[in-house]
Amino acid sequence: MNADGDRTPGFGVYLHWPFCAAKCPYCDFNSHVRHQPVDQPRFAAAFRREMATMRERTGPRTVTSIFLGGGTPSLMEPGTVGGLLDAVAEHWDVPDGIEVTLEANPSSVEADRFRGYRAAGVNRVSLGVQALNDRDLKFLGRRHNVAEALKAIELARSTFPRLSFDLIYARPGQDEAAWAAELEQAIDHAADHLSLYQLTIEDGTRFQLLHEAGKFVMPDADHAARLYEITHAVTEARGLPAYEISNHARPGAESRHNLVYWRYGEYVGVGPGAHGRFVQDGRRHVTFTEKMPEGWLDLVEAKGHGVTGGEILTRSEEADELLLMGLRLTEGIDLPRYEALSGRPLSGRRIMDLQDEGLVEPIGNTHLRATARGMIVLDAVVADLAR
């Protein structure tokens, strides 16, 4: 939860900047490489126009977090970032001091640019470090080395009030001792938050092709599970316990924006390929926009938004999503909220069976969470509860 103890789901604004200097082989995000300079003023104007359309749909709201993701938002000029943040404040109520996160790659970090982002209103940076091993950074297709990553971390720590960085583990050939040592090194440099993800082979990526061609071998499920257990044991011992399957923070330093997702709050998605989920006329609407940046730009300029699809969720679908997202958190799900959405409680018999297997546990009379064992097989736990 927040430092002030607030567990309300919140209302977030997500801004997707889709451009990268290079496409990482493991990445299935909506990111695109352009070999000519991006027309930032034109794209910024389109972001503002799409925000205006979204404001018409959401009505007045108080924003609890803003997240600039990508892609590589740190390729934007600070003036572009400042203009986007000003536009958010023009359309919704933005209280002073809310969390404003910008994703950055170590290879695109410059001191002047960081100071510009801070002056524009960014108060939290998430760095895509991914490994503290030069061999594995090369394997992952990253454009920085360990020395550059550590320099970027220190620069971010001296510039922003809050910092997170990502690491990917369960990499080919990574043994338990090596990961534990790398994780200890990461914590030595961390401020208050780490995102630690297992490497997965995503459809449509270059890694999928390489893996299918036998160019590398992924750790088996048992080895990956042991690395997961080491991750949680080391971070817990060092004061950054897991608050979500892959996210670890000092108490009070959890990512407010990500908690909007996991607590099943509402959020607006603006930009190419962005998704949104917000309540309009009493029903939860899902939106997603055109993925190709130039196609999105044309749509926004023609009709005020780039939304190409979406749906209105039934109460049962909302309840299923609440279950899927909320059980990722160590705080668990609010059972009365689930029952209010679904119109029925979770099956007491299934809960008892999962408790007997050591996969879930109650928190007081109102919350249910997955245990550490349950987190490893969370998809199966959710599927069992949702039946």
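The side chains of Arg42 and Glu301 pair up in a salt bridge, 2.8 Å from N to O (a side-chain nitrogen of Lys or Arg within 4 Å of a carboxyl oxygen of Asp or Glu). A quick note before we go on: this is a predicted model, where local features need pLDDT of at least 70 and side-chain atom pairs count only at pLDDT 80 or more, while totals for chains, interfaces and linings use all residues. Residues are numbered from 1 along each chain as its sequence is written, and side-chain values use heavy atoms, with hydrogens and water left out.

**Exercise 1.** Work out which parts of the chain Arg42 and Glu301 tie together.

*Solution.* 
- Start with the helices: Arg42 lies in α1 and Glu301 in α10, so the pair ties together parts 259 residues apart in sequence. (Helices are DSSP runs of H or I, at least four residues, numbered from the N terminus.)
- Next, find another partner: Asp298 also forms a salt bridge with Arg42, with the closest N and O atoms 3.8 Å apart.

**Exercise 2.** Decide whether Arg61 and Glu266 are buried or exposed.

*Solution.* 
- Take the cut-offs: buried is under 20% relative accessible area, exposed over 50%, partly exposed in between (1.4 Å probe, protein chains only).
- Arg61 has 19%, so Arg61 counts as buried.
- Glu266 has 17%, so Glu266 is buried too.
- These two form a salt bridge, with 2.7 Å between the closest N and O atoms.

**Exercise 3.** Find how many salt bridges there are.

*Solution.* 
- The rule gives 22 salt bridges.

Note on methods
Helix = DSSP H or I, 4+ residues; strand = E, 2+ residues; numbered from the N terminus.
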